[in-house]
Amino acid sequence: MTVEQIGERLRRYRRASHKTLNQVAAESGLTASFLSQAERNLTGVSISSLARIAKSLGIPLNTLFDQPAQPQPDSHQGQRVRYSVGSQPLVYERLSSNFPGNLVNAMKMTMAVGYQSELISHEGAEFTYVLCGQIVYVIEGHNYPLGPGGSVHFDSTKPHSIANVGDDVAEVLVVTTMGGLLDDHPAA
């Protein structure tokens, strides 16, 4: 999916819900200026931010973003579909399967050198394990530098961001309980 398609979808579904940018901003915890830039394709949007927008609009995440399905309970290296969101310098591999009642979303995330996410917060918990590279999580203003084998587990309602601070690509395993990342279910 191109970044243009994401921006167009964001605007179309926001307008269909009869909500202003300010209303979606207040409900999603994002700023109206960020949402405006996203709708005009001037900035990338993370999956977490898309999930928060989907929740505000009362639509499933897969309405805004085509996440590959993972119907089987097993997942194997080299057989997973790698995907990204628009122009974001992240590549994802879905590790968890989807089924009714599932509360866990797991993915492998590959971050380009210099990548830094926006500051976000969302429902649930988040666990990240570093496979390779050097990253820094910032959680409520505190820095948590992590290298291979390092991990962080926290209440993801706390404002947080992640950055690749190393000289090489970083790969991390991310597990969340954020319902909005699960497909075929309305963002709850």
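**View 1. Nine named residues around the second largest cavity.** Leu 10, Arg 14, Leu 21, Val 24, Leu 35, Ala 38, Glu 39, Ile 53 and Leu 57 line the second largest cavity. Helix H1 (3–16), helix H2 (21–28), helix H3 (32–39) and H4 each give two or more residues to this lining. H3 gives the most, with 3 residues. By type, the lining has 7 nonpolar, no polar and 2 charged residues. The volume is about 50 Å³. This is a predicted model: local features need pLDDT of at least 70, side-chain atom pairs count only at pLDDT 80 or more, and totals for chains, interfaces and linings use all residues. Residues are numbered from 1 along each chain as its sequence is written, and side-chain values use heavy atoms, with hydrogens and water left out.

Terms for this view: a cavity is a set of points on a 1 Å grid over the protein atoms alone where a 1.4 Å probe fits but cannot get out, and lining residues have an atom within 4 Å of a point. A volume is the space filled by probe spheres set on the points, which are joined across faces, edges and corners. Ala, Val, Leu, Ile, Met, Phe, Trp, Tyr, Cys and Pro count as nonpolar, Asp, Glu, Lys and Arg as charged, and the others, Gly among them, as polar. Helices (H or I, at least four residues) and strands (E, at least two) are DSSP runs, numbered from the N terminus.

**View 2. The largest cavity.** The structure holds 3 cavities of 30 Å³ or more. About 260 Å³ of space lies in the largest. Its lining counts 21 residues; Ser 48, Tyr 92, Met 109, Ile 120 and Glu 126 lie nearest the centre. Helix H4 (47–57) supplies at least two lining residues, and so does each of the strands E2 (90–94), E3 (105–111), E8 (160–164) and E9 (170–176). The lining divides into 11 nonpolar, 8 polar and 2 charged residues.

**View 3. Strand E8 and its partner.** Strand E5 (residues 135–139) pairs with E8 in the antiparallel sense over 5 bridges. Val 136 has Ala 163 as its bridge partner.

**View 4. The open sheet.** Here 6 strands follow the order E1-E2-E3-E9-E4-E7, with antiparallel pairing (at least two DSSP bridges between two strands). The edge strands, E1 (82–83) and E7 (151–155), each pair on one side only. E1 joins E2 through 2 bridges. Arg 82 stands opposite Glu 93 in E2.

Definitions and conventions. On a 1 Å grid over the protein atoms alone, a cavity is a set of points where a 1.4 Å probe fits but cannot get out, and a pocket is an open set with protein on both sides within 12 Å along at least five of seven lines; lining residues have an atom within 4 Å of a point.
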